Amino acid sequence: MQGPLCGALATMLLYGVICMQTFHYWQAYGHDRKILKCLVAFIWILETVHTALTVYAVEFYLIMHFGDVANLAYAVWGMPASYVIGFIIAYAVNLCFIWRILQLSQKRWITICLAILATIRCGFGLANCSLSFYYPMWKIFRQHVFPTMVVGWVLSAVVDSAIAFTLCIYLRKRRTGMNTTDSTLNRLLLYSINTGAITSFCAVLVVIMFLSLPNNLAFIGFVQVQSKLYAISFLASLNTRKRPETTNQTAPAVEGIAVSFMPNFLTSKTSSYQQSSHLPPIEVRKSIVMDIYGDAPDTGIDSTVHESEC
């Protein structure tokens, strides 16, 4: 039980990080589209249920049936149920990143290929979980899921690496030379690389532990943690965006130029002509057409236009 116990402790720690990120998102990005906010709430609810089932599984073995060695040979229903939720979370996050690749690349064949691989990977995971309900004894379960277990987790590492690599390629192509934009892109690149590397490494560890320790449940600890890593990476990518700030009243942009009217009247240092006419100064801003997130707020205006002050 060392593997499930360590995995449960790490899961509860990472769940606290997810709660903090979710709270920060709702406080700072209330302007996001409803579908994105619903997705964040959906993932948080699934993570809450996942954590509760993980704690219940540990409680079943170590508290409710403490000292009962016979029960250690069987999987309590809470363990495969938590794995089902974990695969659903991973699939949802993968689809979100694939959709972002579509927004960046505008190439459907790439996203279709990645979506098919992610769907196959999720299918392998759900199939293994269903067999765990049908064969609750660990020894018999291992005999029936050995090939699908290995293929599913190897495919998981391949999918995560492919998504991270593709995101990095198209994010690098979006660099404009402006410090603010490039700084945001660099943060997204860092999160993409870390996400793909960590989740892929976790999948590889599951395969190694499953193959090298046939009489041990050490691989379960990494299975429990991986879903939390997906949720953290998704929320972190949302929270890296610049907070919306209150801007001055701006006239509609014409050919990339937005005219902002400042309500402050002129001070004594202005010319006598300006003092007599009381005309407000005019500030010219240049807009850059670029959407690096693909999740601009639904304001009724073209979501691919973001203004940045020069």
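Student: Which residues touch the most other members in the largest nonpolar core?

Tutor: Happy to start there, bearing in mind that this is a predicted model, where local features need pLDDT of at least 70 and side-chain atom pairs count only at pLDDT 80 or more, while totals for chains, interfaces and linings use all residues. Residues are numbered from 1 along each chain as its sequence is written, and side-chain values use heavy atoms, without hydrogens or water. A nonpolar core joins buried (under 20% relative accessible area, 1.4 Å probe, protein chains only) Ala, Val, Leu, Ile, Met, Phe, Trp, Tyr and Cys residues through side-chain atoms within 4.5 Å. Among the 38 residues of this one, the members touching the most others are Ile43, Val93, Ile163 and Phe234.

Student: Which element gives the most to this core?

Tutor: Helices here are DSSP runs (H or I, at least four residues), numbered from the N terminus. Those giving two or more residues to the core are α1 (2-28), α2 (34-64), α3 (78-105), α4 (108-134), α5 (138-173) and α7. With ten residues, the top contributor is α3.

Student: How far apart are the end C-alpha atoms of helix α7?

Tutor: Helix α7 covers residues 218-239, which is 22 residues. The expected span is 1.5 Å times one less than the number of residues, so α7 should span 32 Å. The modelled distance agrees, at 33 Å.

Student: How many of the 22 residues of α7 are buried?

Tutor: Good one to check by eye: α7 is mostly covered. The count of its buried residues is 21.

How values were computed:
Buried means under 20% relative accessible area, exposed over 50%, partly exposed in between (1.4 Å probe, protein chains only).
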